[in-house]
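I opened my notebook next to the model today and jotted things down as I looked them up.

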Amino acid sequence: MMSYKRIGMFIAALTLICGSTFGQSATSMRINEVLVNNTDNFEDDYGTHQPWIELFNTSFASVDIRNCYLTNDRRVLDKSLSPMERAAMMYPIPKGDVLTSIPPRQHVLFWADNMPKRGNFHLNFTLDPNGSNWIALYDANATTLIDSITVPPLAANCSYGLVEDGVKDKGWAIMGIDNRFVTPSTNNKTLDTNEKIDGFKTKDPIGIGMAIMAMLVVFVGLILLYAVFKIVNNIGIAFAKKNAMRAHGITDKQEAKKRAIGTESGEVFAAISMALHEYQENVHDIEDTILTINRVKRSYSPWNSKIYALRQTPHK
């Protein structure tokens, strides 16, 4: 009986731990950017221009926001409301959708078009294009406020977003003006220049230094490749000589060197390979099965003879 009690207590503790872990992971989400009046900006999956709300995962682990809530109804701030009453005033993010699992440091976009039947990322409310909008993200218990923001009145196709993704201390800015770009589903802070590259261009305007560095990289790579192939080749030759000595029953390296054991040329291996190929394919003539290869002192090839270049036999 005690064992069942302990098992029950263990399962209950595990459930609480998992639940608290889920809650802590959901708290890493932030409202990152909001566009209220969308006339010709980013289009939704139906090809229409709708207001959108961007959330950002500030943690370095995936966060599943299923069962969390999004709302623009300030009445949910009433602490006397029960969780069920508060949940009825908000949009519940459905579970069962793999896209609700937000990868580390990534974004997710919700369309505030008051058309929830269009998909899980289409909210049941819309935003006021002419006034300020309060937006809040609640945890799955419909009680814990994760994040909220009041968006001021904005011009058409301008968004209100954090200067740096997920970092509220850096403040908010209006995107779409003053060289700030509206950035749905991407980083709010875009880098148009690179200080290191600009500095290199200033010090080396012609590009001589870059050319020298590029050639050095290529030559160093070629030298490394040569060294690797050379080492591999030497290891292969050493193994071949060792196997040849074992096959001839020789243990003395000097004797093996004197008898040229393991120093066969590539032509020898090519001839053996061709002979074996012809033997296995049955394309050879009837002959003895003994193959003898002798080394000649003087290399001679009939293809080098001049007589094969003559069309007629010469006469005196």
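**Entry 1: ground rules.** I call two residues in contact when they have heavy atoms within 4.5 Å. I am working with a predicted model, in which local features need pLDDT of at least 70 and side-chain atom pairs count only at pLDDT 80 or more, while totals for chains, interfaces and linings use all residues. Residues are numbered from 1 along each chain as its sequence is written, and side-chain values use heavy atoms, with hydrogens and water left out.

**Entry 2: the whole chain.** I looked up the confidence (pLDDT, the predictor's own score for each residue, from 0 to 100). The protein chain averages 83, and 78% of the residues score at least 70. I marked residues 15-24 for caution: pLDDT stays under 50 there, and the model gives this stretch four contacts beyond four places in sequence.

I then read off the secondary structure, where helices (H or I, at least four residues) and strands (E, at least two) are DSSP runs numbered from the N terminus. The protein chain has six helices and 11 strands. Of its 316 residues, 28% are buried, meaning under 20% relative accessible area with a 1.4 Å probe and protein chains only; over 50% would be exposed, and in between partly exposed. The accessible surface comes to about 22600 Å², and carbon and sulfur atoms hold 59% of it. That area comes from the Shrake-Rupley method with a 1.4 Å probe, and for residues only the protein chains shown count as cover. Among contacts with a separation of 6 or more, 57% link residues 24 or more positions apart.

**Entry 3: the five-stranded sheet.** In which order do the five strands of the open sheet run? I read β7-β2-β1-β10-β11, with antiparallel pairing. Strands pair here if DSSP finds at least two bridges between them. The edge strands are β7 (107-111) and β11 (167-175), and each pairs on one side only. On average, neighbouring strands of this sheet are turned by 35° against each other, direction ignored; the axes are lines fitted to C-alpha atoms (for helices, over the stretch in contact), and angles run from 0 to 180 degrees between N-to-C directions.

I followed β7 to its partner. Strand β2 (residues 52-57) is joined to β7 by five bridges, and the two run antiparallel. I53 stands opposite F110 in β7.

**Entry 4: V108.** I picked V108, which sits in strand β7. Is V108 buried or exposed? V108 counts as buried because its relative accessibility is 8%. Leaving out residues up to four places away in sequence, V108 touches I53, E54, L55, I65, I102 and F121. I also checked one distance: V108 and F121 are 13 residues apart along the chain, and their C-alpha atoms are separated by 8.9 Å.

**Entry 5: the four-stranded sheet.** Next I traced an open, antiparallel sheet of four strands in the order β5-β4-β8-β9. Its edges are β5 (91-92) and β9; each has a single partner strand, so one side of each is left without a neighbour in the sheet. Between β8 and β9 I found six bridges in the antiparallel sense. Y138 has L145 in β9 as its bridge partner, and N133 has V151 in β9.

**Entry 6: N133.** N133 lies in strand β8 (residues 133-138). N133 counts as buried because its relative accessible area is 5%. What does the side chain of N133 reach at 2.8 Å? I found the backbone nitrogen of D128 there. Apart from neighbours within four places in sequence, N133 is in contact with V36, L127, D128, I149, T150 and V151.

**Entry 7: two positive phi values.** β8 and β9 form a hairpin with six residues between them. A142, in the loop between β8 and β9 (145-151), is not a glycine, yet has a positive phi of about 60°. A142 is buried, at 3% relative accessibility. I found another case in N157, which lies in the loop between β9 and β10 (159-164). Phi of N157 is near 65°, again positive in a residue other than glycine. At 15% relative accessibility, N157 also counts as buried.

Key. A polar contact is a pair of N or O atoms within 3.5 Å; within protein, one must be able to donate a hydrogen and the other to accept it, and residues adjacent in sequence count only if both atoms are side-chain atoms.
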